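Reader: I have a model to go through with you. Can we start with the terms and then take it piece by piece?

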Amino acid sequence: MTDAPDCGPETVKPDSEIRPPSLLALPSYLVSHVARLGHDVLIAAVADHGLRLPHFAALTALADFGPLPQHVLADRLALNRSHLVGYLDTVEQRGLVRRTRDPADRRRQLVELTAEGEKLQRRLQAVAERSQEEFLHDLSPAERATLITLLRKVLVSENQQARKH
């Protein structure tokens, strides 16, 4: 009797055998690829609710900060102001935000969540958190906290450098 070939699952090669080790030593290379993985999971989770990531970001910023002038919201999200207008049009048509004239400066629009927007944002926040749990399932809670701390440190440093220039 002859031995049958092993028909089990293919052995998956470690990333270090697939990608160039010199690139795997570059934090920016690693961060960009890991970010894409997490981004894709989050985009899919938000899309299940008929929204895109910038819509979720706007709702979340308003939940965190309260009503904001439209230009301040764009700046806090690092979005082009004209692009934000389109995103806000979509969520306003769905009854999730309302825009009103700023009483302090009638030239400005204030953006605020509606009650429906608050409810959806809370649901989306829970969905987003679950998507990130799935994305980072191989990391312990302590490792996740460390990763977030380190990434925030880099972001804060970059923001401080940008303000100096």
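Author: Buried means under 20% relative accessible area, exposed over 50%, and partly exposed in between, with a 1.4 Å probe and protein chains only. This is a predicted model, where local features need pLDDT of at least 70, side-chain atom pairs count only at pLDDT 80 or more, and totals for chains, interfaces and linings use all residues. Residues are numbered from 1 along each chain as its sequence is written, and side-chain values use heavy atoms, with hydrogens and water left out.

Reader: Is D102 buried or exposed?

Author: D102 counts as buried because its relative accessibility is 7%. D102 sits in strand 2, residues 97-102; strands (E, at least two residues) and helices (H or I, at least four) are DSSP runs numbered from the N terminus.

Reader: What does the side chain of D102 join up with?

Author: The side chains of D102 and R108 make a polar contact of 2.6 Å. Such a contact is a pair of N or O atoms within 3.5 Å; within protein, one must be able to donate a hydrogen and the other to accept it, and residues adjacent in sequence count only if both atoms are side-chain atoms. A polar atom of the D102 side chain also lies 2.9 Å from the backbone nitrogen of A104.

Reader: And T114, where is that?

Author: T114 is in the loop between strand 3 and helix 7. T114 counts as buried because its relative accessibility is 10%. Its side chain reaches the backbone nitrogen of G117 at 3.0 Å. Contact means heavy atoms within 4.5 Å; leaving aside neighbours within four places in sequence, T114 has contacts with G95, L96, V97 and R98.

Reader: Change of topic. How many residues are in the largest nonpolar core?

Author: That core has 22 residues, and L51, L59, L62, L73, L88 and V97 have the most contacts inside it. A nonpolar core is a set of buried Ala, Val, Leu, Ile, Met, Phe, Trp, Tyr and Cys residues joined through side-chain atoms within 4.5 Å.

Reader: Which helix gives the most to this core?

Author: Helix 4, with 6 residues.

Reader: What does L62 touch?

Author: Not counting residues up to four places away in sequence, L62 touches L68, L73, V97, V111, E112 and L113.
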